[in-house]
Amino acid sequence: MASSAITPIHNKPLRWQRSRYSLLARQADIFGSAATLMFYLWWDRFIAPNSSSHRHRRAQWLVGTLLDLGPTFIKIGQALSTRADLLPLEYVQALSRLQDQVPQFSATEAIAIIETELGKPLPNLFRDFDREPIAAASLGQVHKARLHTGEDVVVKVQRPGLEKLFALDFRVLYRLMRFTQRYFPWIRQYELEGIYEEFYTILNQEIDYVQEGKNADRFRQNFIENSRIKVPVIYWRYTTQKILTMEYAPGIKISDRQSLEACGLNVKEINQVGICCYLQQLLQDGFFQADPHPGNMAVSQDGKLIFYDFGMMSEVRSINKDQMVRTFFAVLKKDPDEVISTLTDMGLIEPLQDMAPVRRLVRFILDKFTERPIELQEFSQVKREIYTLFEQQPFRLPAKMTYILKSLTTLDGIARALDPDYNLMAASRPFVKSITLAPQRGRSLGELARQAQAFIRFKLQQPNPTQLMVRRLEERLEQGELEIRVKSIESDRALKRISIAIKSLIYACLSGFTLLSGVVLLLGPHTIWAIAAFGVAGFCSVLLIRSLVDLAVREKFDRLAEK
């Protein structure tokens, strides 16, 4: 593992480390933290001053809360820690601490788990064992050791009580999912149940270190012919479901650009190796690392890319690999129709009667973001289109694809941090060249070769700039990109706001009328009817509050779209 100092963030025991933790208490902690976060976001948006120091304090609170809630929620924070294009810099910097400074547990506990799992005293297992861990993660921590045969190894020890905590968390998350699906029907379009099941399966696999060891062996075999990829060897004699012993392979953290350059390593070349490696995982092997954050990868002194964590691995079925190949080459050719076609086949986009908004958005992304770094101010140009797409609900994200997209966006964030001039097309050229010249073996590899050859023909036959300009003008005329379409969308938004406002007015009238009726009846002999009227008034008040919240949210999104 990459060496990093461990500094406990909390001096007091965290909530999730309690020895006795009931389902009700866990649910109260999670729901309470979520409600607090929503209140802070509302307060910061409308009342608090918009300053860097204020955002820094809020980010520190969020880090502390995620750490306090435990491993499941630390995973959520890790997924956001490399997305500087989605979060303010203060939040990204704070969330990155979750990867290296997760609170460690005592060496005494770690040794007890090792001896219980392996069935022998520690001195009989290892010649040397460092009590101070070299790294701590959300699910376990790593100690350096030396075998009696002389090999230096690292021993990954699972956190005590992790299985029980996972069971509690997933019961609470399941209740939360059912609650939101019941009372917020619009959430059903995101297929939360499928995402929940997939996340449950992968995290339970991640805490099985025997499975992780098998994943590492399979991953190493896939890259056995690539001298630039290093996968530590697993020592199966010292591995169980809660203990994983692997070869010690120190390296420089992949996001540490200064150290890499100080060692004379070419960051552009490292980016190229990483991108080509991941393209092979997705397009050739169908077996990829689903959690490639900077704590899971390092670079050796001789420029090899080292992979450490193989707990969160996922597979792409053969039926989808050809579609991914088509999509990849369609991106290289900047062909929006082919991209939309393949994404529709993969179930990522649902076909609409008017696909013009989707086509415009895809073309914008292909033109702006494939050959040069993303300029954040350019997102304002596509904000209106994205809002329109969400209103029309054309996107459907299957559970399996959430891990593919998370991996790709995380890898993209790492690449851009290493090299501000990062270019996806340039970085992927060695991969394209290798599959073009490789012999065709099987259906997916044959599709790779066919698409690569077609891409070369496309580049040779590419029209000149004048022809491209005429073609683009013809496409825009065919799609009917007129101002009247925007005005129609704005009218639809206004009508939806008016509809919600009318509902709010009706609920207000009903609650006021029944409340007054209850007061009048309470003064007479009809006490039971008065209580019933108060009950109806309370119910109408709840509906009124919900309607007002919906109206406020819609107005907020409309203002964002109109900026």
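Rings of Phe, Tyr and Trp (its six-membered ring) pair if their centres lie within 6.5 Å; planes under 30 degrees apart count as stacked, over 60 as edge-to-face and the rest as tilted. By this rule, the count here is seven aromatic pairs. The model is predicted, so to speak of local features takes pLDDT of at least 70 and side-chain atom pairs count only at pLDDT 80 or more, while totals for chains, interfaces and linings use all residues. Residues are numbered from 1 along each chain as its sequence is written, and side-chain values use heavy atoms, with hydrogens and water left out.

**Exercise 1.** Work out which kind of pair Phe166 and Phe170 form, and where they lie.

*Solution.* Start with the rings: their centres are 6.0 Å apart and their planes stand at 85 degrees, so Phe166 and Phe170 make an edge-to-face pair. Next, find them: both are in helix α8 (residues 162–183), four residues apart, or about one turn of the helix. Helices (H or I, at least four residues) and strands (E, at least two) are DSSP runs, numbered from the N terminus. Last, check the burial, where buried means under 20% relative accessible area, exposed over 50%, and partly exposed in between (1.4 Å probe, protein chains only). Phe166 is buried at 3%, and Phe170 is buried at 3% too.

**Exercise 2.** Describe the pair of Phe219 and Phe307, and say which parts it ties together.

*Solution.* Take the geometry: with 5.1 Å from centre to centre and 55 degrees between the planes, the pair is tilted. Now the location: Phe219 belongs to helix α10 (residues 209–222) and Phe307 to strand β10 (residues 305–307), so the pair ties together parts that are 88 residues apart in sequence. Both Phe219 and Phe307 are buried. Finally, look around them: ring pairs link Phe219, Phe223, Phe307 and Phe310 into a cluster.

**Exercise 3.** Find the rings that the charged ends of Lys144 and Arg218 sit over.

*Solution.* The rule first: NZ of Lys or CZ of Arg must be within 6 Å of the ring centre and within 35 degrees of the ring normal. For Lys144, the ring is that of Tyr248, with its centre 4.8 Å away. For Arg218, the ring belongs to Phe287, at 3.9 Å from its centre.

**Exercise 4.** Locate Ser504 and list its contacts beyond its neighbours in sequence.

*Solution.* Ser504 sits in helix α22 (residues 483–523). At 6% relative accessibility, Ser504 is buried. Setting aside neighbours within four places in sequence, Ser504 is in contact (heavy atoms within 4.5 Å) with Leu544, Ser547 and Leu548.
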